[in-house]
Structures are given as structure tokens and as C-alpha cells.
Amino acid sequence: MNNQKQQKPTLTGQRFKTRKRDEKERFDPTQFQESIVQGLNQTGSDLEAVAKFLDASGAKLDYRRYAETLFDILVAGGMLAPGGSISDDLTRTEFCLFTAQEDLETMQAYAQVFNKLIRRYKYLEKGFEEEIKKLLLFLKGFTESERNKLAMLTGILLANGNISAAVIGSLFNENVVKEGECLPAHHYLYLDLSNESCLFSFFPNVWLRLPQMNMELFPANKRSCEHFSKYFTDAGLKELSDFARNQEAIGSRKELQKELQEMMARGDNFKDIIAYVREEMKKTSISEQLMIGIVWSSVMSCVEWNKKEELVCEQSIKHLKQYSPLLKAFTSQGASEIILLVKIQEYCYDNIHFMKAFQKIVVLLYKADVLSEEAILKWYAEAHVAKGKSVFLEQMKKFVEWLKNAEEESESEDEEEN
């Protein structure tokens, strides 16, 4: 028996040396900053030379890794600390966006520098958008002039499609809004979109919630349509103010129509419905011409229509006979009657099962004193629209002739009496 102590097994193996190319390079933006600042100081205010320097430096410097540092320097002259301040102990340049002249032409030239850089190094696109978002969050840390330049640049880049509309989200940050710092930037941004002749083509992509979304730009105690309108009118953007008011009016009309449909569905009496609508007309300054369109849409939406053409005609006559007092209440003017006739024409054309019902609907509303013969004759002669024109004019031909004859007989009787 072997009394020798058994040796414990050990792990042995060859130790591999890490190849130099696999070693992770230490993140050192300071050295990168010095290289960029040195180049910008040499090129000075010549933006063509700046663009060429940035193009050439991308082959030697790691733009992908130090994208944020690169854009900080081009905008503010050095690396930005949280809040937007620049550290004094780091190398910085005086040749940057924030030290440039505060005018549209200079900002357009800077926009070209960024555009050329991103076209040359496509991978910088995402980093540039993140930079703009960050800068908009730092508005409080910048001077008024710096905020204005940033807003001009952002407006130009948005107008040219160089950045996406998503960057605007930073302006709605609660801390930025609370201080009211986003407002000057916001109206400059709009102003530049306006100067680029694309203000309203830009709206559908960004301002779909106007004015509700833009109200969020104001501190809580100033979120009113009146304050919004005054602010942007004073800033030289009356178009935006008018657009916001129009959007608010559209929202009010939608809410009114929804409430009207609910009242009809509950079976509220016409007296209460009419009183409610007239009150809303006063509050929202809606004209009778606009209101009759809303009332017509509501009346036609509160019933499920038969799909068979021969039955829908009878159903519509019965339904409209019931609601004729409501329609009559909002056709006290000739212009309102014409609007109603056009709405009926468009509805019958857009809903094919109603094509043959048009004449019967008009005759019913004539007998119910909703439509006058003057309005019907004017619609027939000149006020109709293109939708289904030939079909509906043919349907109305005999009735119109009867109206004309009745009018002539009435005139003859008046002459005989005189």
C-alpha cells in the first residue's frame, strides 16, 4: 500500500496574450477635442474650410465614438456639461455656432456644414439628432442669443428634411416649459420654417394636436388660446395664431356634433336641443351656415340606414319628417338653406343608396318650410356642386318647373288684384 500523500490535481494551460487589436481603447474625448479645436482654430470663420477639415478628419479621428463631443464643439465651442455649461479647464474654440453672427444667412451656412458632414459620414445622422434633442433640453443654460441661433438652425434643418420632427419633443419637457425658456426658441423655429416657405406643409407632420400640444409650451398659468394667439402674433407669426384658432374651432365643432348625436340618441326634446345648440353657437362664434352642416350630419348619423335602395328612400323621408323642426331652427337665412341643399346633394352622392331619394328629400323639406322656393331655384340655377350634378338636376327638373309656374301664377294674381 502506497502511503505517499496523493497529489491534488491542478489546472494547467497555456496563457494566451491578448492581441493588440483586441484591446479596448480607453475612452478619451479630451484628446479628440484638442484635435478638433486645433483644426477649427486654423480654419477660422471660413465655413468652406471648416467643412473640408471635418471631411478629411473623419478618416483619422473616431467620429463614430466621439460623435457627441464633435457636435458639442461645433455648436458650443467645447464639450458641454449637464445643463449646457462648458468647462473652463478644457480646450475650446471661438469658431462655433454660438459665437457666429445671429442672422439667417449665417445659420443657413452652418446648416450646410452639418449637412455635408452627415452626408459624408452617414452614421453620424442618429447622433446628430440626439445632439439637437439634448441641446433643446439645455436651453436654460444658454444665453438668449445662443437659444435664438439654435432655434434658427433647428428650423432650417427641419425645413430641409435634414433631421426628423421627433427632435421637437424636447421642447415639451416639463422642466424646460416650467421656466418658459422654450418659447423664444419655439417662435424662432416657426419663423425659420416660415422663411423657408414650408410652415404649413410642416404642420401635418408635427402639429396635429394644435393648439393642445403647443399650449404645453406655456407655463401652466398661461395655457389659454388668447395667450397663445397674442404671443405668436407679437412674434410675427399671425399665420400660426390663425391656424391654432382654426384647429381649436374644428375641435369645438367635433365636440358639439358628438354631444348633439348623444342628445338625439337619448330622445331629448327638440326645444332643449335647439336651446343647447344656440348657446354653443354664441360661446364658440359658430355661424348658422356652419351649424346647419353640423345639424344635418348629426341627424343623418343618428340612425342605422337600410341597405336596400327601395327601402332607404321611405326610411329617410320618415326620419327627416321627424327631425324637420330641428333643421328649420337653423335655416332662418337664405345662405343657410343653400348650404343645407349642398349638404343633401353631397350626402346623396356619397351614399349611393340615397341617389334616388334626393328629390323626395328636397320636396319634403320644402313642404316642412325648411327650404324656400327661392333657395331651391337658386341651387338649381347656380349654387349646386359637381357631385351627381346631372342626376340630381334631372330629378329636380319637373319640381323646379312647377315652382316657376307657381311663382308666375302668383305674380299674375298680384297684378290682377292691383
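Visitor: How many cavities of 30 Å³ or more are there?
Guide: The count comes to one. A cavity here is a set of points on a 1 Å grid over the protein atoms alone where a 1.4 Å probe fits but cannot get out. This is a predicted model, where local features need pLDDT of at least 70, side-chain atom pairs count only at pLDDT 80 or more, and totals for chains, interfaces and linings use all residues. Residues are numbered from 1 along each chain as its sequence is written, and side-chain values use heavy atoms, with hydrogens and water left out.

Visitor: How much space lies in the largest cavity?
Guide: About 80 Å³, a volume being the space filled by probe spheres set on the points.

Visitor: And which residues line the largest cavity?
Guide: Among them are Leu40, Gly44, Phe95 and Tyr110; lining residues have an atom within 4 Å of a point. Helix α4 (104–120) gives the largest share, three residues. Helices are DSSP runs (H or I, at least four residues), numbered from the N terminus.

Visitor: New topic: how do α1 and α2 cross?
Guide: The axes of α1 (residues 29–43) and α2 come within 9 Å and cross at roughly 150 degrees, so α1 is roughly antiparallel to α2. Axes are lines fitted to C-alpha atoms over the stretch in contact, with angles from 0 to 180 degrees between N-to-C directions, and angles over 145 degrees count as roughly antiparallel.

Visitor: Which residues of α1 and α2 meet?
Guide: Ser35, Ile36, Gly39, Leu40 and Thr43 in α1 meet Ala49, Val50 and Phe53 in α2, where contact means heavy atoms within 4.5 Å.

How values were computed. 1 Å grid on protein atoms, 1.4 Å probe; cavity = no way out; pocket = protein on both sides within 12 Å on 5 of 7 lines; lining within 4 Å. Helix = DSSP H or I, 4+ residues; strand = E, 2+ residues; numbered from the N terminus. Parallel < 35°, antiparallel > 145°, perpendicular 65-115°, else oblique.
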